[in-house]
Amino acid sequence: MNDRQEYLIEIPSEHAKNIFGQFDTHLRKIERSLGVSVVARDGSVRITGDPGGAEKAKKLFAMLLALSSRGNTLTEQNIDYSLSLLKEDRQNEMIAVDSDIIVHTAAGRPVKPKTVGQKEYVDSIRNNMITFGIGPAGTGKTYLAMAMAISMFRNDEVSRIILTRPAIEAGEKLGFLPGDLQSKIDPYLRPLYDALYEIMGADAFLKNSEKGLIEVAPLAYMRGRTLDNAFIILDEAQNTTPSQMKMFLTRIGFGSHVVVTGDRTQKDLPPGTSSGLDVAVRVLRKIDEIGFTELTSRDVVRHPLVQKIVEAYEKFEARSAEGTPKRRRAVAGMPVRKNKL
């Protein structure tokens, strides 16, 4: 009895290199992951394997061809994520994700979500006045929020963009940095500038900034203001205190959209200080008009090594949380109390 299945799928030559990868690296990964044999020849791929694996490979190549036909450059991360969706029989969701073009960069490149989690995040921004985007580094929290801000600004849905973040990083203090106040805070705001330059273009950014339509400022500058008809992004919110977070959220006026982003595993607050992000999640979770999107290591869209690093730390921290109080203090770098005799 022959339990092997074979499929022949046509792959147009203009998409072959993109789908197969350099030196057929994508094909080899697909073979290993699905337990099939894939042979590329004369504008087609021949898939051979057990019925289940061969069927999944057939669906995968159909999805990759659709993504390539839309102008996407397929990377190792795309292949890994597509495989993970395929194993959950969710491959059709990838096409819906790829169809959501938020805005085009100054160079004409479309900005769109790359994972289901990112699509849910973008939809939450569209549908809620306030959205919390929480997740590890590399999940596109700030970049996608910036893209949504620029899209709404270009469409006259908001009249200005305000970007802010707390000026706290890795234990350093502004007073020890050289220069005037602007030169002290610029390094903390540089990631926001970088995203603005890429999406909007330097000239458009400078022109709108001079008019006061785009503002990049540290969080302390938000006190005492009421922000109407604006798109406001609070970045690195895990480094706010509860009072700062409350101050920021109560600045919001009519016609505004707010996105709060943060990574709850990377806090630079002084020891013993509660994070405003952690408190806000507990206090505001049940309010209907506020959306919460939890991104995970699966939504990392940087180099695949970043995803592996995030996953390794998640496992390490989960093991540490399950340990004894003495072990948890040691992992955190805190002194371990010794029992008195």
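Predicted model: local features only at pLDDT ≥ 70, side-chain atom pairs only at ≥ 80, totals over all residues.
Okay, let's start with strands β1 and β3: β1 covers residues 5–10, β3 covers residues 44–49, and the two pair in the antiparallel sense over six bridges. By "pair" I mean that DSSP finds at least two bridges between the strands. Strands here are DSSP runs of E with at least two residues, helices are runs of H or I with at least four, and both are numbered from the N terminus.

Residues are numbered from 1 along each chain as its sequence is written, and side-chain values use heavy atoms, with hydrogens and water left out.

Back to β3. Strand β2, residues 37–41, also pairs with β3 in the antiparallel sense, over five bridges. Ser-37 sits opposite Thr-48 in β3, and Val-39 is opposite Arg-46. The β2 and β3 hairpin has two residues between the strands, and Asp-42 there takes a positive phi near 55°.

So what order do these three strands take in their open sheet? It's β1-β3-β2, with antiparallel pairing. β1 and β2 are at the edges with a single partner strand each, so one side of each has no neighbour in the sheet. From one strand to the next, the twist averages 15°; axes are lines fitted to C-alpha atoms, for helices over the stretch in contact, and angles run from 0 to 180 degrees between N-to-C directions. Lying across β1, β2 and β3 is helix α3, which runs at about 10° to β1.

Now the other sheet. This one is open too, with six strands in the order β8-β7-β9-β10-β6-β11 and parallel pairing. Its edge strands are β8 (214–218) and β11 (290–294), each pairing on one side only. Here again the twist averages 15° from one strand to the next.

Inside that sheet, β9 (residues 230–234) and β10 (residues 257–262) pair in the parallel sense over four bridges. If you want a pair to find on screen, Leu-234 has Val-260 in β10 as its bridge partner. Helix α7, residues 141–154, packs on the sheet and touches β6 (130–134), β7 (160–165), β9 and β10, and its direction makes about 170° with that of β9. Then there's α11, residues 276–284, which lies across β6, β10 and β11 at about 125° to β6.

Last, the whole chain. It has 13 helices and 11 strands, and buried residues make up 46% of its 341 residues. Take contacts, meaning heavy atoms within 4.5 Å, between residues at least 6 apart in sequence: 69% of them join residues at least 24 apart. The chain exposes about 18,000 Å², with 53% of that supplied by carbon and sulfur atoms, using the Shrake-Rupley method with a 1.4 Å probe.

Terms used:
Buried < 20%, exposed > 50% of the residue type's maximum accessible area, 1.4 Å probe, protein only.
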